[in-house]
Amino acid sequence: MTPAEGNGSMDFDVVVVGGGASGVDAATEVHRRAPGASVALISPESDLFYRPWLVYLPAEAVPAADLSVPLAGIASAQGFQHIQDSVGAVHPDSGEVTLASDARRISYRQLILAPGAPADRDRIPGAAEHALFPCDRLEARELLRQLGGLTEGTVTFLLTGERIGPGLEYAGWIARAARDAGRTSFKVTVVEDGDVMDRQFGPRGADRLASIAGALGIETVRHAQVERIESDKLLLASATVGTDLVCVTSPLRGPDLGLPAELLNQHGMLRVDATLAVPEYGNVFAAGDFSDVRDLSLELPKTWMMARLQAETAARNAAAALGGGGPVPLDERKAARMAAVSMPDIGGRTLFVRNKKPLVAGSWPLRLRYRMDAKYLSRYRTEPGATRPSR
């Protein structure tokens, strides 16, 4: 079915908001399951940006160009339409979204919200004024710019909030690049806010990861109580960490899509049930970082793999609804297996952690991760590119 258009509006069977991994996967999966449906993906970006590889840029382990895949080519190959714009507001009562650029309204039968979640810059006092948040794409580029002008001194990564893994990875690859370049006056520090490393990796796993980081010259400050970030230091409850540059990875917040406040949690994430549908609106689903999934026995981590699993579930349920079928819940057993595994890439070395227990350390477990990267990128690329970081 082709989209209907008239009176300045467009109608689609399924609208997906967000051009990241979960949004692109959702649009692709809807078309696969309902090939006759009209599907639109709305994203202000012109390309799919592979965020897991941002951490490799400081060491130039992956060419910057290989992080992007044009959305126009993906849309053409996967059978959906890409509308390059931001969403100004979502209107669930009328089944419409408003585009930010021209206030044009787009109607939908089913809606999948996968806009991602930007950094919450206000959760740590002083962070908005004095820190970078390199999990956000533009902030990652700013980090590269500032690192280029920092020939000596200290860069500090504060691990806090829902997504701490990239901080360890950034620190590892930056420290490795400095070591390989012989920059002995350049220092990398990692500060753990509270017990976030223990909660994700377990106490033994956290200690071993700190040891892996230490082999690259990284100082890790464990179990700190962060009070405030200033221009040249982190103020802790019992100490001060001097630094030239602070990066925070990363508390998250939901983007403002004009949704009713009662649908959102305290951090602006959209509350959904186990089928990833909004209870008040059965034709609105959420996937990825923007979702706050209730009615499960586990808390879903904000990871790339979990976002993709949610995208598959939301797409399956949206496609089924078009044909009058009922929804199915997220595969909780599969989600639990994913949530149990952590494997941060710290300068080319890792610790494979399962159920908060360290199992295998070294470089070879990363081969599994690199194979997953290559498989994902080959699905959407139309031209060859890097499939793993250079070593």
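Two strands count as paired if DSSP finds at least two bridges between them. The model worked through here is predicted.

**Exercise 1. The sheet with β14**

Task: How many bridges join strand β14 to β15, and in what order do the strands of this open sheet run?

Solution: 
- Step 1. Start with β14, residues 233-236. 3 bridges join this strand to β15, and the two run antiparallel. At least two bridges are needed for a pair.
- Step 2. Find a facing pair of residues. Leucine 234 stands opposite valine 241 in β15.
- Step 3. Extend to the sheet. It is open, has 3 strands in the order β13-β14-β15, and its pairing is antiparallel.
- Step 4. β13 (226-230) and β15 (240-242) each pair on one side only.
- Step 5. Check the turn between neighbours. Neighbouring strands of this sheet are turned by 15 degrees against each other on average, direction ignored.

**Exercise 2. A hairpin**

Task: Which residue takes a positive phi in the hairpin of β7 and β8?

Solution: 
- Step 1. Locate the strands. β7 covers residues 87-91 and β8 covers residues 96-99.
- Step 2. Read the pairing. The sense is antiparallel, over 4 bridges. Histidine 91 has glutamate 96 in β8 as its bridge partner.
- Step 3. Go to the link. The hairpin has 4 residues between the strands, and glycine 95 takes a positive phi near 70 degrees.

**Exercise 3. A sheet and its helix**

Solution: 
- Step 1. 3 strands lie in the order β21-β22-β23, in an open sheet with antiparallel pairing.
- Step 2. Name the edges. β21 (341-342) and β23 (357-362) each pair on one side only.
- Step 3. Follow one pairing. β22 (residues 350-354) and β23 pair in the antiparallel sense over 5 bridges. Leucine 351 has alanine 361 in β23 as its bridge partner.

**Exercise 4. A pocket**

Task: Which helix gives the most to the lining of the second largest pocket?

Solution: 
- Step 1. Take the volume. The second largest pocket has about 250 Å³.
- Step 2. Read its lining. There are 14 residues, and Pro58, Ala59, Leu147, Ala177 and Arg183 lie nearest the centre.
- Step 3. Sort by type. The lining holds 10 nonpolar, 1 polar and 3 charged residues.
- Step 4. Assign helices. α4 (137-148) and α5 (165-180) each supply at least two lining residues. α5 gives the most, with 4 residues.

**Exercise 5. A salt bridge**

Task: Why does the pair of arginine 121 and aspartate 136 tie together parts that are apart in sequence?

Solution: 
- Step 1. Confirm the contact. The closest N and O atoms of arginine 121 and aspartate 136 are 3.1 Å apart. The cut-off for a salt bridge is 4 Å.
- Step 2. Arginine 121 lies in the loop between β9 (105-113) and α3 (127-130), and aspartate 136 in the loop between α3 and α4, so the pair joins parts 15 residues apart in sequence.
- Step 3. Widen the view. The whole structure holds 26 salt bridges.

Definitions and conventions. Residues numbered from 1 in each chain as written. Predicted model: local features only at pLDDT ≥ 70, side-chain atom pairs only at ≥ 80, totals over all residues. Heavy atoms only, no water. Axes fitted to C-alpha atoms, helices over the stretch in contact; angles between N-to-C directions. 1 Å grid on protein atoms, 1.4 Å probe; cavity = no way out; pocket = protein on both sides within 12 Å on 5 of 7 lines; lining within 4 Å. Points joined across faces, edges and corners; volume = space filled by probe spheres on them. Nonpolar A, V, L, I, M, F, W, Y, C, P; charged D, E, K, R; others polar. Salt bridge = Lys/Arg side-chain N within 4 Å of Asp/Glu carboxyl O.
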